Amino acid sequence: MNQYEKNTIDPSETFQLASALAELLQAGDVICLEGDLGAGKTTFTKGLAKGLDIKKTVNSPTFTIIKEYKGRLPLYHMDVYRVADSYEDLGFDEYFEGDGVTVVEWAHLIEEQLPVELLTIYLYHVGPEKRKIVFVPKGKRYEQLCKEIFLNDNISD
């Protein structure tokens with residue numbers, strides 16, 4: 001399985017990377033975000049929202065589980081950290097197969113409910129503001145997406 005890496009020096013660079021990704025996203029795309037608290041998952045999601053032309057302020061849906069935003073494509077922002085039973089049917093598949101882009105923070109907690117093809121993005125602390133961001137595509141669509149971002153747009157380090 002291929003993976004693609006980018007180091008960012010501050011939150012604005014993480015935001016810009018996500019915004020560039022969002023411009024290539026299509027309805028039905030699923031992005032999973034993994035990383036420790038404060039690693040930049042919400043910053044990344046805000047960048048995706050910008051790239052999807054969403055005007056509303058994006059913040060973490062920690063206590064609501066899912067927030068929906070309207071833009072070029074709808075953005076379904078999920079934070080499943082507090083989902084107690086990963087086997088409980090919360091209707092996630094309706095979002096995954098919907099007309100928008102789904103972003104799932106802490107996606108490993110609902111792994112059994114995720115689609116087979118998706119893009120997982122890991123965010124790692126490298127310093128106070130620096131992050132290592134690793135894209136791991138599953139499926140041809142996401143592999144091609146990563147190639148477009150990292151090879152064609154020269155986003156790699």
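Which backbone oxygen does the side chain of Lys41 reach?

Mentor: The side chain of Lys41 reaches the backbone oxygen of Asp36, at 3.0 Å, which is within the limit for a polar contact (N or O atoms within 3.5 Å, one able to donate a hydrogen and the other to accept it). This is a predicted model, in which local features need pLDDT of at least 70 and side-chain atom pairs pLDDT 80 or more, whereas totals for chains, interfaces and linings use all residues. Residues are numbered from 1 along each chain as its sequence is written, and side-chain values use heavy atoms, without hydrogens and water.

Lys41 belongs to helix H2, which covers residues 41-51; helices are DSSP runs of H or I with at least four residues, strands runs of E with at least two, numbered from the N terminus. Lys41 counts as buried because its relative accessibility is 5%, the cut-off being under 20%. Beyond its neighbours within four places in sequence, Lys41 is in contact (heavy atoms within 4.5 Å) with Leu33, Glu34, Gly35 and Asp36, and also with Glu105, Trp106 and Leu123. Leu123 lies 82 residues away from Lys41 along the chain, yet 7.2 Å separates their C-alpha atoms.

Ile121 is in turn one of the residues with the most contacts inside the largest nonpolar core, together with Leu21, Ile31, Phe44, Leu119 and Phe135. That core has 44 residues, and helix H4, residues 140-152, gives the most to it, with 5 residues; such a core joins buried Ala, Val, Leu, Ile, Met, Phe, Trp, Tyr and Cys through side-chain atoms within 4.5 Å.

Turning to the whole protein chain, there are 4 helices and 7 strands, and read along the sequence they follow the pattern β-α-β-α-β-β-α-β-β-β-α. Of its 157 residues, 46% are buried, and Lys41 is itself buried. The pairing of Lys41 with Leu123 across 82 residues can be set beside the figure for the chain, where 64% of the contacts between residues at least 6 apart in sequence join residues at least 24 apart.

Note on methods
Buried < 20%, exposed > 50% of the residue type's maximum accessible area, 1.4 Å probe, protein only.
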